[in-house]
Number of protein chains: 2
Amino acid sequence: MRRSALFAALLVAACATAPAAESPPAPSLAEILEMSPAGDWRAVDPENTLYMELPGGRVIIELAPEYAPNHAANIRALAHAHYFDGAAIVRSQDNYVVQWGRDEGDATSMGEGRPALAPEFDRARAGVQITRLPDPDSYARETGFASGFPVAGNGARTWLTHCYGMIGAGRGDTADSGSGAELYVVIGQAPRHLDRNITVVGRVLRGMEVLSVMPRGTGPLGFYETPQERTAIRSVRLGSDLPASERVNLEALRTDSATFNSVIESRRFRRESWFLDPVGHINLCNVPLPVRVRP
Amino acid sequence: MRRSALFAALLVAACATAPAAESPPAPSLAEILEMSPAGDWRAVDPENTLYMELPGGRVIIELAPEYAPNHAANIRALAHAHYFDGAAIVRSQDNYVVQWGRDEGDATSMGEGRPALAPEFDRARAGVQITRLPDPDSYARETGFASGFPVAGNGARTWLTHCYGMIGAGRGDTADSGSGAELYVVIGQAPRHLDRNITVVGRVLRGMEVLSVMPRGTGPLGFYETPQERTAIRSVRLGSDLPASERVNLEALRTDSATFNSVIESRRFRRESWFLDPVGHINLCNVPLPVRVRP
């Protein structure tokens, strides 16, 4: 007899209630995106796009060469060499990460790829345009968005942040032991303590729902204890290695656009009628980064 | 050939590296818990404990009567009436919530339970002892822990926060339309914009890995589109309604204990050798809330 289907209103992009009778209703997130000019969107570069095929579906990833140029180049080389084909999801730790790669000693060719790289934990702040958020952050003096990614900064340096859906390059105990041959994606509360401790290389644009439901591993740190528990990766391809007919023409909302600023404000101030308190704050990792198929 | 099993070091409770040669090594999280006095733990009250049995395993929930006394009492009454037996997981929205309940019009008896309650979004700050966190928060002036739960405050009021694993009572468009008959659990980045907009009733102590991998629903807001996609709930029992032999004797680390303060500090300053930057900050929703079976 009870059923708050109306709780569905939680995120419904319904026409919002205006705070005063004479104000026009605030546009919903969906309306903001519908009204956006074409120039506020950017085509996702096939050179920076990975298509990972899993039994449960396709995952599309965008690399972040402005923050991790050498890792992005290495991952491109590995995908080009089909290094990840037949690799596996090896770890699924609840509220933390899902990770994939190959077993140590696996002789699969890396092609032009390299097994270890110097870290790209952060970069100079100079020259980076950041769309800043006004609210304080627990971890950094500055947070915002650059080139489509969530970032933080401290004045001199800026870095990609471990928000949900962000992808990093696993490493060993030394800073230069990662390469992108083993990758993980954040599937829970942002583990921001990893920021500047490991190289973040990109984010999932599509298909998080395929990765996030991987059965949790029962070994230490969520590693699977038997090969049977792993999920095999059919293939990982660089977008530019695929025929155009097999690509998905994704566009991402430019994070330096007026539309994106409206998205932020619509999430900071919740004017949908369901919200009794309009909030007025937001955390970096709660801002949606809209992606669409090119209209 | 690549395999950063050493990335496993990420959360390994290994003996930490001391910052200076003469300092003793900082104890790991596991060591802090091992060294803890028995009095720093509290038995979880069977009156505040729910056992939810799903095909994938058992979920154990602790209610929060100090913040939501009427909702806790109502959920107790509903569980006592076996209201949730045969209810179902009806929604799984990626990076947001998994939700369960009964269909509107379902005639299952609520027993002494009620279909709607006045909201318990927050409570007076006076009289609440909060173990405060020192780092800023994007959403509230004060964050910390009270009675084992993550909370926030603004001076006059305090409220439970929507961290990973926290459970809330779904509601419709009006403040008094929730009751605890429909519940949701946070499975992604903390949706703190829901704080003070909906009544939070407790948290998952065990079994998050059962809830968090529910296949994502493909309908709006992650609702399942067909009955076949739902997962049926076998039963939900109040701990005090179970024979003692069927209960799990869980203990939670007291959030007003010296041990818990050590836990916070060990997570704020990461002294494990894997960490090249010891961080020095933490967000409310990144602090672990240790639970164990009574030794």
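I number residues from 1 along each chain as its sequence is written, and I letter chains from A in the order in which they are written. The model is predicted, and local features need pLDDT of at least 70, side-chain atom pairs count only at pLDDT 80 or more, and totals for chains, interfaces and linings use all residues.

**Helix H4 of chain B.** I looked up the buried residues (20 or more other C-beta atoms within 10 Å of a residue's own; exposed is 12 or fewer, partly exposed in between). In helix H4 (residues 258-268) of chain B they are Phe260(B), Val263(B), Ile264(B) and Ser266(B). Seen down the axis of H4(B), these residues fall within an arc of 165° (taken from the directions from the helix axis to the C-beta atoms), so they line one face of the helix. Among the elements of chain B that cover them I noted helix H1 (29-34), strand S7 (131-132) and strand S16 (250-253); helices (H or I, at least four residues) and strands (E, at least two) are DSSP runs, numbered from the N terminus.

**The sheet that holds S16.** I followed S16 of chain B into an open, antiparallel sheet of three strands, ordered S1-S16-S17, where two strands pair if DSSP finds at least two bridges between them. Strand S1 (41-43) and strand S17 (291-293) of chain B are at the edges with a single partner strand each, so one side of each has no neighbour in the sheet. S16(B) and S17(B) run antiparallel and are joined by three bridges, and Ala252(B) has Val291(B) in S17(B) as its bridge partner.

**The two chains.** I found 68 residues of chain B in contact with 68 residues of chain A. Chain B superposes on chain A by a rotation of 180° with 0.0 Å of shift along its axis, at an RMSD of 0.0 Å, fitted by least squares on the C-alpha atoms of residues with pLDDT of at least 70 in both. That is the relation of a two-fold axis, and the same surface serves both copies, since 100% of the contact residues of chain B recur in chain A.

**Positive phi in chain A.** Which phi does Ser147(A) have? I read a positive value of about 55°, although Ser147(A) is not a glycine, and placed this residue in the loop between strand S8 (142-146) and strand S9 (149-153) of chain A. Ser147(A) counts as partly exposed, with 19 C-beta neighbours inside 10 Å. Arg196(A) also has a positive phi, near 65°, whereas Arg196(A) is buried, with 24 other C-beta atoms within 10 Å.

How values were computed: Contact = placed C-beta atoms within 7 Å.
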